[in-house]
Amino acid sequence: MKRQFLFLFLCISVSLNAQLLQDKTEFTKLDTLRGSITPEREWWDLNYYDLNIKVQPDKKYISGYNIIRYKVLKSHDVIQIDLQAPLEVTAFTQDKEELDYTKIGPAYFVNLKKKQVPGAYNEIYIQYSGKPKEAIRAPWDGGFSWKKDDNGKHFVATSCQGLGASVWWPNKDHMYDEVDSMRIAIDVPKDLIAVANGRLREVYEYEYGGFKMYEWFVSNPINNYGVNVNIGDYVNFSKVYKGEKGDLDMDYWVLSYNLDKAKNQFKDAPKMMKAFEHWFGPYPFYEDSFKLVEVPYLGMEHQSSVTYGNQYQNGYLGRDLSRTGWGLKFDFIIIHEAGHEWFANNITNKDVADMWIHEGFTAYSENLFLDYYYGKEASADYVIGTRANIQNDRPLIGPYNVNKEGSSDMYYKGANLLHTLRQLVEDDNLWRQILRGLNADFYHQTVTSKQIEDYLSEKTKKDLSAFFNQYLRDIRIPMLEYKIENKELKFRYVDIVENFDMPIEVEIDGKSQWIFPNSEWKSMPFEGSEFKVDRDYYIYSKKI
């Protein structure tokens with residue numbers, strides 16, 4: 001969840017030429033260092049993070065260290081570690097020897113003294129401290145959120161999608177390489193509780209200093225922006241969900257005075273789990289449990305630690321983003337952000353240019369939740385209603401290797417292209433098998449858009465290359481032009497990419513049938529009086 005509603009009610013009309021000019025963004029060396037698999041990244045593979053952080057809310061100050069264990073893939077003597085200002089690294093060491101480095105922006109290039117032998121596992125220790133970037137409008141502009149709750153107690157949380165996890169801790173800040181497991185230890189004032197990803201292993205209370213340490217452990221691979229720290233006057237309640245892989249612990253951490261509201265509102269969480277395990281397969285992180293954690297911002301899909309700030313309301317802060325009424329049947333943040341456990345945390349994009357994989361499938365999960373509980377027509381109403389939020393301003397896929405995502409249309413244009421694809425599949429059982437297959441076959445993997453596109457082509461037994469080029473890489477929506485004269489229906493597509501020939505269903509006097517348009521005029525006998533395009537296909541139509 002990121003820029004989903006930044007321009008929600010802003011209507012923009014753009015031409016293709018204007019779009020081409022807009023895409024001529026100039027990128028810098030810093031963009032490349034952040035967004036590409038540099039030579040100083042590619043030679044080593046993440047194995048384990050041991051992150052230890054002390055948070056001092058009164059000072060808005062953090063300090064700590066991270067130990068990175070990695071596997072050497074090929075010999076190299078420079079390693080890239082990322083940490084964003086104003087935080088600073090105070091020491092790099094390996095085997096107790098201090099290392100020197102050069103620095104370009106947030107990228108530290110550390111000179112290693114030890115010979116890096118392929119196949120070996122080594123560790124590097126990074127000590128750091130400072131006042132981290134403060135989030136201005138979390139989660140869209142991330143960092144640390146330093147707030148107070150209604151009782152005047154500190155209420156603190158991190159968020160960093162797009163901005164990068166290096167805004168608050170030193171790491172290999174690129175999506176392509178997920179760490180296999182990690183420990184997260186957080187020192188906080190003793191009147192507060194710290195919640196992170198995975199399972200709570202231990203709480204250590206110091207005799208002196210007024211701090212406690214909460215030690216969490218993540219046993220599954222995790223993407224770096226999915227790591228989070230949340231601090232507050234929390235209380236905890238939990239339930240055991242009987243899921244596809246057995247008992248799943250579902251834990252809820254909320255501010256003490258919101259306990260009763262949470263116990264009522266969070267009933268959507270097991271409902272979500274039931275619907276999404278049906279559509280997508282088993283929850284991907286049984287070993288790490290599932291958590292909802294209250295935070296002082298709207299919410300985010302942190303792995304096994306989904307953050308929640310929807311003010312205990314249905315809809316999106318009480319609003320129905322589809323304008324159909326169906327969006328008020330569920331708590332948007334619980335359903336959407338938890339949907340990311342399958343699409344973002346289980347299946348993760350290698351490059352943020354392909355973030356439509358995260359957001360398109362997860363926006364689509366909202367109407368699958370409705371489908372499960374209210375039926376196919378309700379779900380169609382909802383996803384079609386969200387078309388009003390689509391700008392068609394930029395392609396859904398952004399430029400690669402510069403940490404630049406595509407259009408915010410990745411949410412609801414992404415959802416509508418998937419809804420359209422479901423119609424082409426025709427068989428809902430097959431469609432469900434495909435969605436479950438994605439999560440099984442790409443289990444705990446980082447992927448490219450091409451991998452997902454090729455998989456969908458293979459499993460549907462359809463060449464979807466032009467389909468994806470149209471909806472992912474072009475801003476135009478196919479227009480079906482048609483005319484009826486002399487008992488003949490003529491039709492064709494305009495505003496399409498090369499070879500786009502998607503069949504669609506139409507109604508002629510209330511009876512459904514398929515037509516097969518392409519860029520050339522086609523004709524067929526027409527004895528009827530009424531012609532209508534099936535609303536489930538994301539196209540425009542015009543009688544000429």
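In β20, Y308 is the bridge partner of E294. Strands here are DSSP runs of E, at least two residues long, and helices are runs of H or I, at least four residues long, both numbered from the N terminus. Strand β18 (residues 290–294) runs parallel to strand β20 (residues 306–308), and 3 bridges join them. Two strands count as paired if DSSP finds at least two bridges between them.

The model is predicted: local features need pLDDT of at least 70, side-chain atom pairs count only at pLDDT 80 or more, and totals for chains, interfaces and linings use all residues. Residues are numbered from 1 along each chain as its sequence is written, and side-chain values use heavy atoms, with hydrogens and water left out.

Now widen the view. β18 and β20 sit in an open sheet of 5 strands with the order β16-β17-β18-β20-β19 and mixed pairing. Its edge strands, β16 (234–243) and β19 (299–300), each pair on one side only.

Helices come next. Helix α5 (residues 268–280) lies across β16, β17 (246–255) and β18 and runs at about 140 degrees to β17. Helix α6 (residues 332–339) packs on the sheet and touches β18, β19 and β20. The direction of α6 makes about 160 degrees with that of β20. Contact means heavy atoms within 4.5 Å. Angles run from 0 to 180 degrees between N-to-C directions, with axes fitted to C-alpha atoms, for helices over the stretch in contact.

Another open sheet has 4 strands in the order β27-β24-β23-β29, again with mixed pairing. β27 (522–525) and β29 (540–543) stand at the edges with a single partner strand each, so one side of each lacks a neighbour in the sheet. The twist averages 25 degrees from one strand to the next. Strand β24 (residues 488–494) runs antiparallel to β27, joined by 4 bridges. There, K490 stands opposite S523 in β27.
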